[in-house]
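Below is a short note for a colleague who is meeting this structure for the first time. Please keep the model open while reading the numbered points.

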Amino acid sequence: MSTGPGADSAPAPASTHESKTGGTFSSLKIRNYRLFATGAVISNTGTWMSRITQDWLVLSLTGSATAVGITTALQFLPMLLFGLYGGVIADRLPKRQILLVSQAMLGLCGIALAVLTLTGVVEVWHVYLIAFLLGMVTVVDNPARQSFVSEMVGPAQLRNAVSLNSANFQSARLIGPAVAGVLITTVGSGWAFLLNGLSFLAPLIGLLMMRTSELHASVRVPRAKGQLREGLRYVRGRPELIWPIVLVGFVGTFGFNFPIWLTAFADGVFDGGAGMYSFFNILMAAGSLAGALLSARRRSTRLRMLVAAGTAFGLLEIAASLSPYVWLFSLLLVPIGMLGLTTNITANTSVQMAADPEMRGRVMSLYMMVFAGGTPVGAPIVGWISDTYGARVGFASGGVISVIAALAVGFALARVGGLRLKVDLRQGRPHVRFVPRERLATAA
């Protein structure tokens, strides 16, 4: 199963209940969330197996990084086109029932691709079609799954549960690529796709075993005209929502095209194979898992952390693109994964905590639309740049855009919050920081 104005603004301080139930894994004390997380780690492992295998299958069939980018784009195109409607559905209907249907359909897509591959008739257009169908299901599955977390754990544990969801996803990312690499080189791609399809039985069983009486009451929004526009107006009028969404939109569109870059670096730059590609993904997953666990320990979500993580993420991508050695490139993938996840979790958590419950489905659908839905725009562009000018230029371009976007959002939040940049070269003091304008005036 597969996030107050100003650069320093954060959700309200943790409640007394939250402080009593703190800890990195505190959300797992809740039975319904344990079932959810257990099913998720199994299906997430299958999903990562399938992603790695799918990218390598397309590259084997076509020999083109652009084709890998097209596959990725088709999988996320429905989110760009219909993502906001998925949020409206998630706000109207029971989220657990939505997930029972959507998870079953995701499993069927995996089995269909397995049958095509195992019978030896698979062609690249089959992969394109199934990628698009997966994207259509995800339009509804994603906002329902994101907003269902609050129903399982309540507001006191929401921040921790969102971070653990990402840790769960990244734990599977450590296992899935390794298993995929073994399966591709031994028995073939079809078995990886089959295991992915069967893995969705785990979340379905977990959802069926949940105690519905222990779920927190959700705000059901009755069907009415103008709900989509209402959601957009709601986000537009709140800087603590719109600016994190803008930042993850740029980072997701241009900075997260790792299927394209890692396949190109493994196959073209460093002359490796499927094993090296899987190894690169494992390193990124290790860093991402560390970032998720560190985020789970934090009690607050500050937007300055979002800006700092986004900037550092882009700078490290530029550094990795220039790396002349495979060992150095590999080492840089770990902090890239950590900072990428920190950026995503910080934005996801701040948006969920700031959104009203009756608007959360629509807000999260907008978040996922710009984060994942931007991929159909960015992936073909980045794939073309990588094919035309080389993988290094493609990777660097994603990092440059991420840095520019993070700095621009940081200054926008500072302006909204009445802050200005202050440079202090005295020893023992922060050299660069944002401070209120009135404090600068007093100091002057």
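Leaving aside its neighbours within four places in sequence, which residues is S150 in contact with?

1. Setting those neighbours aside, S150 is in contact with L158, H216 and R360, where contact means heavy atoms within 4.5 Å. This is a predicted model, in which local features need pLDDT of at least 70 and side-chain atom pairs count only at pLDDT 80 or more, while totals for chains, interfaces and linings use all residues. Residues are numbered from 1 along each chain as its sequence is written, and side-chain values use heavy atoms, with hydrogens and water left out.

2. S150 belongs to helix α5 (residues 124-153); helices here are DSSP runs of H or I with at least four residues, numbered from the N terminus. With a relative accessible area of 12%, S150 is buried, a word that stands for under 20% relative accessible area with a 1.4 Å probe and protein chains only. A polar atom of the S150 side chain lies 2.9 Å from the backbone oxygen of S147.

3. Q54, in helix α2 (residues 31-62), is buried as well, at a relative accessible area of 5%. Its side chain is joined to that of Q75 by a polar contact of 3.5 Å, that is, a pair of N or O atoms within 3.5 Å of which, within protein, one must be able to donate a hydrogen and the other to accept it, residues adjacent in sequence counting only if both atoms are side-chain atoms. Not counting residues up to four places away in sequence, Q54 touches T71, Q75, V127, A131 and F193.

4. The largest nonpolar core has 82 residues, of which F258, L262, F280, F329, V363, Y367 and F395 touch the most other members. Helix α14 (residues 326-354) gives the most to this core, with 8 residues. Such a core is a set of buried Ala, Val, Leu, Ile, Met, Phe, Trp, Tyr and Cys residues joined through side-chain atoms within 4.5 Å. Beyond four places in sequence, the contacts of L262 are Y277, F280, N281, M284, F329 and L333.

5. Helix α10 (residues 239-255) deserves a look, because 13 of its 17 residues are buried and it is therefore largely enclosed by the rest of the structure.

6. The unreviewed UniProt entry places the feature "transmembrane region" at several stretches, including residues 303-320 and 326-345, although such annotations may be inferred rather than shown by experiment. In the model, residues 303-320 are 100% helix and 0% strand, with end C-alpha atoms 26 Å apart. Residues 326-345 are likewise 100% helix and 0% strand, and their end C-alpha atoms are 29 Å apart.

Conventions: Helix = DSSP H or I, 4+ residues; strand = E, 2+ residues; numbered from the N terminus. Buried < 20%, exposed > 50% of the residue type's maximum accessible area, 1.4 Å probe, protein only.
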